Amino acid sequence: MMAEEESPVSVLDLSPKKQLAFALLVFERMLPRMVAFCKDTGVDYSCCSQASDVAWCDIEAGGRYRTLYRSLNRACLNNAPDTEDFTHEMTSDSLNAFLTMSEIMAFMLDGSSDHIEYISTLATDSVDLYVAHLEPALITTKERDDWIASHPLMQQEFQREKEDIKFLAALPDHFDSETIAALKARSSSQPPILPLTR
């Protein structure tokens, strides 16, 4: 008799604290292109930095900064670059990074895992837009979608998210200082979601 294959763990199977950690890992991969865009255009991303600091602190302390979530959520939305106002090649990536941090704040307010699923979508949307520009001659929607889905950059992001989920699932439910250190080490060692240049 064949052994049954273990079902892969979904991000929705993780505890809320681990879902938050997953979202922050995704954001950290999006951050380098957002920072590059903001430095080139003068867009202020300090709200995202502050929100990220708050989220990391709350992973350690648990809900200490609740009063800030709503205002930081609003600030991230208000400062997000409008794709109609900029021609910079990283505008859409930066918008998605601002929206990701807004969703993180919203998740911390209401605990709905819909925000976490949307964050994953924002990450793959950034890859989708980037990859689509590499091969603009694709005609049909199916041809385009198949090519993008199989592209190494898209496969890489899918794989990184799977590995993040596996890593988080293996962590203890109680985040002690050792667990936090392992999480921060993973976050700081990640390559960006996309290259900084084409």
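Predicted model: local features only at pLDDT ≥ 70, side-chain atom pairs only at ≥ 80, totals over all residues.
Local features were considered at pLDDT of at least 70 and side-chain atom pairs only at pLDDT 80 or more, whereas totals for chains, interfaces and linings use all residues. Residues are numbered from 1 along each chain as its sequence is written, and side-chain values rest on heavy atoms, with hydrogens and water left out.

Helix α1 spans residues 16-41; helices here are DSSP runs of H or I with at least four residues, numbered from the N terminus. Q19 belongs to this helix. With a relative accessible area of 5%, Q19 is buried (buried means under 20% relative accessible area, exposed over 50% and partly exposed in between, for a 1.4 Å probe and protein chains only). Apart from residues up to four places away in sequence, Q19 touches V11, L12, L14, F107, S113 and I116, a contact being heavy atoms within 4.5 Å. P32 is also placed in α1, but this residue is partly exposed, at a relative accessible area of 28%. When neighbours within four places in sequence are set aside, P32 is in contact with P192 and L196. Between the C-alpha atoms of P32 and P172, which are 140 residues apart along the chain, the separation is 29 Å.

Helix α1 packs against helix α2 (residues 46-61), their axes coming within 11 Å and crossing at roughly 150°. Axes are lines fitted to C-alpha atoms, for helices over the stretch in contact, and angles run from 0 to 180 degrees between N-to-C directions. The two helices are therefore roughly antiparallel, the term for angles over 145 degrees, with under 35 counted as roughly parallel, 65 to 115 as roughly perpendicular and the rest as oblique. The crossing of α1 and α2 is left-handed, that is, the near helix is turned anticlockwise from the far one by less than a right angle. On the α1 side the contact is made by K17, L20, A21, L24, F27, E28 and M34, and on the α2 side by C48, S52, A55, W56 and I59. Of these residues, nine are nonpolar, one is polar and two are charged (nonpolar: Ala, Val, Leu, Ile, Met, Phe, Trp, Tyr, Cys and Pro; charged: Asp, Glu, Lys and Arg; polar: the others, Gly among them).

A salt bridge was assigned where a side-chain nitrogen of Lys or Arg lies within 4 Å of a carboxyl oxygen of Asp or Glu, and the count comes to six. One of them pairs R29 with D164, at 2.8 Å from N to O. This pair links distant parts of the chain, R29 in α1 and D164 in helix α7 (residues 152-170), 135 residues apart. Both R29 and D164 are buried. R33 forms a salt bridge with D93, with the closest N and O atoms 2.6 Å apart. Here α1, which holds R33, is linked to helix α4 (residues 91-110), which holds D93, over 60 residues of sequence. R33 and D93 are both buried.

D164 also meets R186 in a salt bridge, with an N to O distance of 2.9 Å. R186 lies in helix α8 (residues 177-189) and D164 in α7, so this bridge ties together parts that are 22 residues apart in sequence. R186 is partly exposed at 22% relative accessibility, whereas D164 is buried at 1%. Through shared partners, salt bridges join R29, E157, D164 and R186 into one network.
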